[in-house]
Amino acid sequence: MAAPDCSTSSSIQNRSPFVVTVRSDASLNRRFAYGRRAEAETYLKGLKARGIKARIEQLESSFHLRIRRKGVSNQYATFDTLEDAQQAKLQIEADLSVSVVRDYAIATRTTLRELMERYLTEVVLRHKGADIEATRIRRLLRDEAFVDKKLAALVTEDLQDYIQDRLTQVAPARVDREPLHRACHHPCARNRDAARRAPRAEAQRRSLRGSLPLLA
C-alpha cells in the first residue's frame, strides 16, 4: 500500500508596491499597487519616451506566505519583512511535520494588547480578586511596549525583560499565575501565539529561548 502523501509545499511572494522614481524631479515619482505592475511599466515607458531618466523597483514591505499540505487547510499570511515570513514558514512546516495545525494567519492579525483586553473583559470579571488582576493587566498594557506587537511577531526577547523583572519581585510560581500567562493559555486565545510558563527558580539561569511558547 502506498504511503499517504504528507508533503508540504510553501512559497513566499513579494507583494509589495512598485515605485517609479525620477532622480531629477521627485514630482514625477509614482507608486503603484502590487497588482498594477503593467501600469507602472507603461508610466516608465512614457517617461523614457520624453527623454526622462527613470527607474522602477519593487519595495520590500509586504511578503505573502502560502503553505499547502494535503488534508490540511491552506495557510496564508502576510508579513512586513522577508525575515518574518521565512521564520513563520519554518515554524509552520515544523508544526505540520508533527501533525500540529495552527491558524497562523490569526496570529499575524492580532496584537497581544487585543488578546489581553479580550481576556480582561470576557474572563477576569468572573475571577475571585478580579479588581487586583484587572489592575495588573492595565499596568502591563500601559507600561510594556511589546503588547502592541502582533502575536506572530513576538519573540522571547520581547518578554524576557518583563519576566526577569517580575522574578526579582515575586516567586516563579506567582509569575505562572499572573494575567499575561493566564490570558495566553485561556481558550479564547486558542490558535494564537502565546507565552510559556516562566522558568522555575532552579532554571532561572537557563536561556529563555523556548521557555515562552506560542499560543496554541
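**Helix packing and ring pairs**

Analyst: Helix α4 passes helix α5 in a left-handed crossing. Left-handed means that the near helix is turned anticlockwise from the far one by less than a right angle; clockwise is right-handed. The model is predicted: local features need pLDDT of at least 70, side-chain atom pairs count only at pLDDT 80 or more, and totals for chains, interfaces and linings use all residues. Residues are numbered from 1 along each chain as its sequence is written, and side-chain values use heavy atoms, leaving out hydrogens and water.

User: Why are α4 and α5 called roughly antiparallel?

Analyst: The axes of α4 (residues 112–122) and α5 (residues 130–143) cross at roughly 165° and come within 11 Å. Angles over 145 degrees count as roughly antiparallel, under 35 as roughly parallel, 65 to 115 as roughly perpendicular, and the rest as oblique. The two helices are therefore roughly antiparallel.

User: What makes the pair of F18 and Y34 stacked?

Analyst: Rings pair if their centres lie within 6.5 Å; planes under 30 degrees apart are stacked, over 60 edge-to-face, and the rest tilted. The centres of F18 and Y34 are 6.3 Å apart and the planes are at 15°, so this pair is stacked.

User: Why is the pair of F32 and Y43 called tilted?

Analyst: Its planes are at 50°, with centres 6.0 Å apart, so the pair is tilted.

User: How do you know whether F18 is buried or exposed?

Analyst: Buried means under 20% relative accessible area, exposed over 50%, and partly exposed in between (1.4 Å probe, protein chains only). F18 has 5%, so F18 is buried. Y34 has 26%, so Y34 is partly exposed.

Methods: Axes fitted to C-alpha atoms, helices over the stretch in contact; angles between N-to-C directions. Helix = DSSP H or I, 4+ residues; strand = E, 2+ residues; numbered from the N terminus.
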